[in-house]
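Subject: A structure for you to look at

Hi,

Here is the structure I promised to pass on. Have a look at it first, and then read my notes below.

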Amino acid sequence: MKEQLEQIRKQTLDALGSAAAMPELEELRVKVLGKKGELTALLKQMGSLSPEERPAMGQLANAVRSAIEEKIAEKSEQLKALAQQAKLQAEAVDVTIPGKTQKLGHEHPMNIVLDRIKEIFLDMGFEIIEGDEIELADYNFTKLNTPEDHPAREWTDTFYLTEDSNVLLRTQTSPMQIRAIEAHGVPIRMISPGRVFRKDEVDATHSPMFHQIEGLVVDKGVTMADLKGTLNTVIRAIYGANTVTRFRPHHFPFTEPSCEVDIQCHKCGGVGCPTCKGEGWIEVLGAGMVHPKVLQNCGVDPEEYSGFAFGMGLERFALGSYKISDMRLIFENDVRFLEQF
Ligand code: PHE
């Protein structure tokens with residue numbers, strides 16, 4: 001039995017020594033120390049030994065078991081460490097490899113101009129209110145005092161979304177006059193920038209979608225002098241301190257009196273040139289004193305409150321500011337174009 005024990009010790013320790021993976025360790029453990037293992041089988045035979053032999057064999061058997069268990073534990077630590085090292089190597093990241101550079105886009109000239117204009121109005125105490133592009137005819141036309149037979153209501157001019165002509169893509173940002181008063185009450189001082197839609201053919205100065213900025217001031221005692229003072233201040237902040245303006249009578253259903261505001265052509269100084277199409281003046285916005293009926297339509301008493309409103313086309317400002325000759329460039333979004341601003 002002694003030889004058998006020694007043989008088990010030697011064979012098992014050798015096998016453990018050359019084991020290359022955890023499952024092998026477990027296999028060996030079961031083979032030798034398990035319920036039906038070699039050592040276990042020998043221990044079961046102890047009973048057949050003489051009482052003199054038994055203690056020595058018992059000691060040896062225990063020593064063999066301990067040696068094997070220790071070796072398994074030691075080997076298991078080794079294999080774990082190796083596995084950990086292999087994993088670290090496999091997952092190693094070379095932090096010295098150069099990164100992938102991200103190609104940055106460019107802020108659109110329209111947004112650059114819009115941010116500048118917003119800044120000017122915020123400095124003057126206006127708030128910015130955004131509105132929806134899908135609008136009710138009631139807000140786009142009716143509450144703005146637009147007669148039922150007004151040409152702008154024609155299907156040839158306006159993108160309607162329902163057969164009954166009640167829902168449309170807004171043709172102007174002016175419905176925000178009504179919505180802003182309804183939501184915030186008076187007094188109010190706000191601008192509302194956004195997209196508007198009209199059935200226009202695309203050319204160098206037209207697009208079926210373009211941007212406007214609506215403005216509205218309503219308070220007690222607001223007069224045409226406030227309108228002129230405010231718009232002159234804004235226009236000079238945008239076009240330069242020496243810009244000459246002209247307030248020319250016009251008609252809008254929702255303002256009375258109404259005007260269009262021109263700036264004197266900065267190219268020719270008012271004589272007439274290709275930039276101003278020979279006019280000497282360039283139109284920059286529409287404006288007027290809020291019509292009493294519009295105030296009434298929002299539940300505001302026109303005897304108590306008055307106000308002015310204005311609307312300007314944002315594309316025109318962008319084209320003018322950057323001397324861009326064709327509006328289509330603004331919408332194509334060719335990066336080579338955008339990168340120039
Ligand atoms: N909504 C008008 C337009 O699109 C502009 C405007 C706005 C005029 C506010 C007067 C007051 O032409």
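This is a predicted model: local features need pLDDT of at least 70, side-chain atom pairs count only at pLDDT 80 or more; totals for chains, interfaces and linings use all residues.

Residues are numbered from 1 along each chain as its sequence is written, and side-chain values use heavy atoms, with hydrogens and water left out.

Overall, the protein has twelve helices and nine strands (DSSP runs numbered from the N terminus, H or I of at least four residues for helices and E of at least two for strands). With a radius of gyration of 44 Å, well over the 20 Å that the globule rule gives for 341 residues, the protein is more spread out than a compact globule. (That radius is taken over C-alpha atoms, and the rule is 2.2 Å times the number of residues to the power 0.38.) The C-alpha trace spans about 130 × 45 × 40 Å along its principal axes.

Now the ligand. There are 14 residues around it, and Gln172, Ser174, Arg198, Gln212 and Glu214 come nearest (near means a heavy atom within 4 Å). Gln172 puts a polar side-chain atom 2.9 Å from a ligand nitrogen atom, and Ser174 likewise has a polar side-chain atom 2.9 Å from a nitrogen atom of the ligand. For Arg198, a side-chain N or O atom is 2.9 Å from an oxygen atom of the ligand. (The cut-off for a polar contact is a pair of N or O atoms within 3.5 Å.) On its own the ligand has 320 Å² of accessible area, and the protein covers 90% of that (Shrake-Rupley method, 1.4 Å probe).

Which strand gives the most to the shell around the ligand? Strand 9, with three residues; strand 5, strand 8 (281-290) and strand 9 (306-313) each supply at least two. By class, the shell has five nonpolar, seven polar and two charged residues (Asp, Glu, Lys and Arg count as charged; Ala, Val, Leu, Ile, Met, Phe, Trp, Tyr, Cys and Pro as nonpolar; the others, Gly among them, as polar).

The second largest pocket holds about 310 Å³ of space. Of its 19 lining residues, Met110, Asn111, Leu114, Arg195 and His211 are the closest to its centre. (A pocket here is an open set of points on a 1 Å grid over the protein atoms alone, where a 1.4 Å probe fits, with protein on both sides within 12 Å along at least five of seven lines; lining residues have an atom within 4 Å of a point. The volume is the space filled by probe spheres set on the points.) Helix 5 provides the largest share of the lining, four residues. Seven nonpolar, seven polar and five charged residues make up that lining.

Last, the backbone. Most residues other than glycine have a negative phi, and most peptide bonds are trans. The bond from Val186 to Pro187 is cis, with omega near 0°, and Pro187 sits in the loop between helix 7 (175-184) and strand 4. Glu256 and Pro257 are also joined by a cis bond, omega about -5°, with Pro257 in strand 7. Asn145 has a positive phi, near 65°.

Cheers

Conventions:
A polar contact is a pair of N or O atoms within 3.5 Å; within protein, one must be able to donate a hydrogen and the other to accept it, and residues adjacent in sequence count only if both atoms are side-chain atoms.
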